[in-house]
Amino acid sequence: MSSSSPSPVPAPSSKKRRILLIEDTVPLAKLYIEFLRAESHEVVHCTRGSEALDAAAAAAPDAVILDLKLPDMDGLEVLRALQARDSSVSVVIITAHGSIDLAVEAMKLGAFDFIVKPFNADRLNLTLRNALERRALARMVEGYRKDLDRGRFHGFIGSSPEMQAVYRTIESVAASRANVFITGESGTGKEVAAQAIHRASPRRDAAFVALNCAAIPKDLLESEIFGHVKGAFTGAAGDRPGAALLADGGTLFLDEICEMPIDLQSKLLRFVQTGTVSPVGSGREERVDVRFVAATNRDPLAEVQAGRFREDLYYRLHVIPLALPPLRDRGDDVIEIARCFLIDYAREEGKALSAFAPEVEARLRAHDWPGNVRQLQNVVRNVVVLNDGPQVTLDMLPPMGGPALCGPEAGAVPCAACGAPMAGTPEEDDDAVRPLWQVEKEVILKALRLTGDDVPRAALMLEISPSTIYRKLQQWRSAESRSAGETAA
């Protein structure tokens, strides 16, 4: 065999392991290749150390068989270079009786094992199999370590085992065309998960279109999904494409899918089954290619059993289930997320806050977080807007158990600061005039209710600064607390 260039024996195969044989004695190399032929490995033979390092750089070997006596380099030098390039590669040393001490030194430097010449095929193949198994185990452990160390993933923050399972599921389903059904409490990040699926998929360069079925009036939802033509209904001044057409080639995210009216569910089912849509007021059908991701904070199967959600649509959408854990079940993720929010909001507001006092972290960790990540986000923003200093202390935290401005009304949304149910706006009375401060409070609470407790969005609706809302909430809590104290006295 020529030693002028690396030569594979036998021909490469995707199922074969690539073995780099570094042996300057050509007759011995031919014998070793015959030994390895029974295992059907792809063997690349090199006679010089520099040649072997070039071959390893061109295509990483699964294992290396290394003779320590080479014409151009010391074998230990080759071993160090191979280890520096890939610490998981398994190197088997071949040595003569007189060089056993050198082989032992190579083991200390990271070689897997050594074989003393002369040896037979069984000895070589057994040692090599063990070396390959060691490499596979090392890579598996490294993969698990990367998973456990992964604290961020496509918009998610958190290193808990619960979130690692979510990340792995997203990675597994992303390349598929299968529909995904995300469940989880409000504020757990269902839209973040949908976006992660899209960004990790082959559709990443196409559109991601999100539609909240609970935020759109029922009589407009069909048009929002399928579009409409001019004159289809009062106010339809021109043709308008719906979310289905806008998402063509990409991902259509249907949030709060269980809020969709039952009569519209049949039309969505036909869309899912056929891949065709018909704009409202039009007799033509258009074919689109979308990947469906649906989400709800309810139990979808319970909605099916209650007759509020079509069973056939459920099974069409509920192909791959993805359940997001509540924040209270994610351990120290709450601290990771809070720290990230603190740094971001402090930079945004020009504040010096950069850390939480230990007792604050203990309080955050112990809290139940009924509003999940969204509630934690608002609490941290509240702290940053209203305070400053080197670190967050306990006195900076808003009440965590539910201030007096929060009420027990059924169906009320969680408060921005504490997650407890928030009082609604009373019915208007045309003959009554209420104090301006009361009207202001009612309007702000209503905006928070309509935006699902999203303070920045509520501020945008009201055309005021988010800091104004946080300041008002703080003032109302303080006033209620003083009132409660006076009553108790």
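**Group meeting: a walk through the model**

Let's start with Lys 267, which is partly exposed, with a relative accessible area of 40%. By that I mean the area falls between the two cut-offs: buried is under 20% relative accessible area and exposed is over 50%, with a 1.4 Å probe and protein chains only. Before I go on, this is a predicted model, so local features need pLDDT of at least 70, side-chain atom pairs count only at pLDDT 80 or more, and totals for chains, interfaces and linings use all residues. Residues are numbered from 1 along each chain as its sequence is written, and side-chain values use heavy atoms, with hydrogens and water left out.

So what does Lys 267 pair with in a salt bridge? Its partner is Glu 222, and the closest N and O atoms are 2.9 Å apart. A salt bridge here is a side-chain nitrogen of Lys or Arg within 4 Å of a carboxyl oxygen of Asp or Glu. This pair links distant parts of the chain, with Glu 222 in helix H8 and Lys 267 in helix H10, 45 residues apart. Helices and strands are DSSP runs numbered from the N terminus, helices being H or I with at least four residues and strands E with at least two. Glu 222 is partly exposed too, at a relative accessible area of 23%.

H8 and H10 also turn up in the core, so let's go there. The largest nonpolar core has 31 residues, and the ones with the most contacts inside it are Leu 252, Ile 257, Leu 268, Phe 271 and Phe 292. The definition is a set of buried Ala, Val, Leu, Ile, Met, Phe, Trp, Tyr and Cys residues joined through side-chain atoms within 4.5 Å. Elements giving two or more residues to this core include helix H8 (218-226), helix H10 (262-274), strand S10 (208-212), strand S13 (251-255) and strand S16 (291-296). H10 gives the most, with five residues.

Have a look at Leu 252. Leaving aside neighbours within four places in sequence, Leu 252 is in contact (heavy atoms within 4.5 Å) with residues including Val 209, Ala 243, Phe 271, Phe 292 and Val 293. Apart from this core lies another one, of 25 residues, among them Ala 357, Val 360, Val 384 and Met 396.

Now the sheet. Five strands form an open sheet in the order S10-S13-S16-S9-S17, and the pairing is parallel. Two strands count as paired if DSSP finds at least two bridges between them. S10 and strand S17 (320-323) stand at the edges with a single partner strand each, so one side of each is left without a neighbour in the sheet. On average, neighbouring strands are turned by 20 degrees against each other, direction ignored; axes are lines fitted to C-alpha atoms, for helices over the stretch in contact, and angles run from 0 to 180 degrees between N-to-C directions.

S10 and S13 are joined by five bridges, and Asn 212 stands opposite Asp 255 in S13. Ile 182 has Leu 322 in S17 as its bridge partner, while Phe 181 has Ala 294 in S16. Both faces of S9 are covered: Val 180 and Ile 182 on one side, Phe 181 and Thr 183 on the other, all buried. Helix H6 (residues 161-174) lies across S9, S16 and S17, running at about 155 degrees to S17.

Last stop, helix H13 (residues 333-349). At 1.5 Å a residue, its 17 residues should span 24 Å, and the end C-alpha atoms are 24 Å apart, which agrees; the expected span is 1.5 Å times one less than the number of residues. Buried residues in H13 include Asp 333, Ile 337, Phe 341 and Tyr 345. Which elements cover the buried residues of H13? Among them are H6, helix H14 (358-366) and helix H15 (372-386). Just after H13, Gly 350 takes a positive phi of about 70 degrees.

Asp 333 forms a salt bridge with Arg 330, closest N and O atoms 3.0 Å apart, and both residues are buried. Asp 344 and Arg 347 also meet in a salt bridge, at 3.4 Å, N to O. Being three residues apart in H13, Asp 344 and Arg 347 are separated by about one helical turn. Asp 344 is partly exposed, at 35% relative accessible area, whereas Arg 347 is exposed, at 59%. Elsewhere, salt bridges that share partners join Glu 259, Arg 298, Glu 303 and Arg 308 into one network. The structure holds 23 salt bridges.
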